[in-house]
Amino acid sequence: MIDCANGATYHIAENVFSELGANITMINNSPNGVNINKNCGATDTKHLQQVMLDAKADLGIAFDGDGDRLMMVDHKGELVDGDELVFIVAKAWQQQGRLTNHTVVGTKMTNLGMRHALRDINVKFIEADVGDRYVMEEMKKHGAILGGEGSGHMICLDKTTSGDGIIAALQVLEVLVKSQSSLAQLKH
């Protein structure tokens, strides 16, 4: 299930994920100029969470209106926020030897549990000021390819030069497929 927040991803997300073989239901993909982010998308996942439970869907993807933020919902209807998504990708990349400098950049608002979990898998955490601009600056300064915020910004510098919700979602989905785990299992 994909929630486009009636924004920028409404016309491309379905094509991207369908082409990869996903069975998708689209919601909030009819922008009218005033409904962007209105009670939907990464800024308000309640609708997606309910629709997910009603449909008994495997997972939900929520973008924000301009498409640079990502939140996900597991099959239990539980939110998986930006910090959790960054950790899921960081752990997989660390295990695969893909996480440059064994470093992840977050912000002053990054969950303490994430910081401890990164430490436990030998990943260095760099703290930036709040804002994806500051995360990016610290990533470049420390040679990191992964950074993000609890709000859903995830930056994968080996894929793109800015935050992109679709690219971030693809990184999480790659981890799911390779690990043969559910989103709920990886969140746990």
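Which residues of β6 are buried on one side, and which on the other? Thr103, Val105 and Thr107 are buried on one side of the strand, while Val104 and Gly106 are buried on the other, so that both faces of β6 are covered. This is a predicted model, in which local features need pLDDT of at least 70 and side-chain atom pairs count only at pLDDT 80 or more, whereas totals for chains, interfaces and linings use all residues. Residues are numbered from 1 along each chain as its sequence is written, and side-chain values use heavy atoms, with hydrogens and water left out.

Buried here means under 20% relative accessible area, exposed means over 50%, and partly exposed is in between, with a 1.4 Å probe and protein chains only. Helices (H or I, at least four residues) and strands (E, at least two) are DSSP runs numbered from the N terminus. In a regular strand the side chains alternate between the two faces of the sheet. Because five of the five residues of β6 (residues 103-107) are buried, this strand is largely enclosed by the rest of the structure.

β6 is joined to β7 (residues 124-128) by five bridges, and these two strands run parallel; strands are taken to pair if DSSP finds at least two bridges between them. Thr107 has Ala128 of β7 as its bridge partner.

β3 (residues 59-63) and β4 (residues 70-74) run antiparallel and are joined by five bridges; Leu59 stands opposite Asp74, and Phe63 has Leu70 as its bridge partner. The hairpin of β3 and β4 has six residues between the strands, with Gly67 taking a positive phi near 80°. β4 is also antiparallel to β5, to which two bridges join it, with Val73 opposite Leu79. The hairpin of β4 and β5 has four residues between the strands, and Gly77 in its turn has a positive phi of about 85°. Since five of the five residues of β4 are buried, β4 is largely enclosed by the rest of the structure: Leu70, Met72 and Asp74 are buried on one side, and Met71 and Val73 on the other.

Contact means heavy atoms within 4.5 Å, and axes are lines fitted to C-alpha atoms, for helices over the stretch in contact, with angles running from 0 to 180 degrees between N-to-C directions. Leu48, Gln49, Val51 and Met52 of α2 are buried.

The largest pocket holds about 590 Å³ of space and is lined by 23 residues, of which Ala22, Asn23, Asp58, Leu59 and Leu173 lie nearest its centre. The largest share of this lining, five residues, comes from α6. On a 1 Å grid over the protein atoms alone, a pocket is an open set of points where a 1.4 Å probe fits, with protein on both sides within 12 Å along at least five of seven lines, and lining residues have an atom within 4 Å of a point. Grid points are joined across faces, edges and corners, and the volume is the space filled by probe spheres set on the points.

Gly82 lies in helix α3 (residues 82-96) and is buried, with a relative accessible area of 2%. Leaving aside neighbours within four places in sequence, Gly82 is in contact with Met71, Glu149, Gly150 and Gly152.

| Residue | Phi | Relative accessible area |
|---|---|---|
| Asn37 | near 65° | 29% |
| Asn101 | near 55° | 49% |

Asn37 has its place in the loop between β2 and α2, and Asn101 is found in the loop between α3 and β6.
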